[in-house]
Amino acid sequence: MNRVQSYVENVLQPKIQGDGGWVEFVSLDGDNLTLVFRGECSKCLILDRCVDWIEQQIKSDLNKTVIVTAVRKKPYFQDV
């Protein structure tokens, strides 16, 4: 597990869960970080602010610049 994936899963995910959302690490290809947003995040009107915050947190804490691609997923029971 790389540093960015570990950071997303262990630091950012619990913070986002506090608001009813869920974020999943998908991939890191160079500086392009792909994350799946579920729960409340899947319908959030200000997800772009959260994405900006995630980019800032990773830059601040890991000293790595990333560009987050956000993929919204409906809750699992609505995916059918």
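**The core and what surrounds it**

Let me start with the largest nonpolar core, which has 19 residues. Within this core, the residues with the most contacts are Leu33, Leu35, Phe37, Ile54 and Ile58. Four elements each supply at least two of the core residues: α1 (3-17), β1 (21-29), β2 (32-39) and α2 (47-62). The largest share comes from α2, with 6 residues. As general background, nonpolar side chains tend to be buried together in soluble globular proteins. Please keep in mind that what you see is a predicted model.

Now the overall layout. The protein has 2 helices and 3 strands, and from the N terminus on the elements run α-β-β-α-β. The radius of gyration is 12 Å, close to the 12 Å that the globule rule gives for 80 residues, so the protein is as compact as a globular protein of that length. Along its principal axes, the C-alpha trace spans about 35 × 20 × 20 Å. Buried residues account for 34% of the 80 residues. The accessible surface comes to about 5,200 Å², and 49% of that surface belongs to carbon and sulfur atoms. As for contacts between residues at least 6 apart in sequence, 52% of them join residues at least 24 apart.

Next, the sheet. In which order do the strands of the open sheet stand? The order is β1-β2-β3, and the pairing is mixed. β1 and β3 (67-72) are at the edges with a single partner strand each, so one side of each has no neighbour in the sheet. On average, and ignoring direction, neighbouring strands of this sheet are turned by 25° against each other.

The helices come next. α1 lies across β1 and β2, and runs at about 160° to β1. α2 packs on the sheet and touches β2 and β3. The direction of α2 makes about 140° with that of β3.

β1 and β2 pair in the antiparallel sense, over 8 bridges. These strands form a hairpin with 2 residues between them, and in this hairpin Gly30 takes a positive phi near 70°.

Val26 sits in strand β1. Val26 and Val36 are 10 residues apart along the chain, with 6.8 Å between their C-alpha atoms.

Across from there is Thr34, in strand β2. Thr34 has a relative accessible area of 19%, and the limit for buried is under 20%, so Thr34 is buried. With neighbours within four places in sequence set aside, the contacts of Thr34 are Glu24, Phe25, Val26, Ser27, Thr69 and Val71.

Phe37 is in strand β2 and is buried, with a relative accessible area of 0%. What does Phe37 touch, not counting residues up to four places away in sequence? The list is Trp22, Val23, Ser42, Leu47, Val51, Ile54, Ala70, Val71, Arg72 and Lys73. Phe37 and Lys74 are 37 residues apart in sequence, yet 8.5 Å apart in space, C-alpha to C-alpha. The other member is Ile54, which is in contact with Leu12, Ile16, Leu35, Phe37 and Val68, leaving aside neighbours within four places in sequence.

Asn63 is placed in the loop between α2 and β3. At 71% relative accessibility, Asn63 counts as exposed. Its phi is near 55°, a positive value in a residue other than glycine. For context, most residues other than glycine have a negative phi.

That is the tour; I am happy to take questions.

Technical notes: Residues numbered from 1 in each chain as written. Heavy atoms only, no water. Core = buried A, V, L, I, M, F, W, Y, C linked by side-chain atoms within 4.5 Å. Buried < 20%, exposed > 50% of the residue type's maximum accessible area, 1.4 Å probe, protein only. Contact = heavy atoms within 4.5 Å. Pairing = 2+ DSSP bridges. Rg over C-alpha atoms; globule rule 2.2 N^0.38 Å. Areas by Shrake-Rupley, 256 points an atom, 1.4 Å probe, with all protein chains shown as cover. Axes fitted to C-alpha atoms, helices over the stretch in contact; angles between N-to-C directions.
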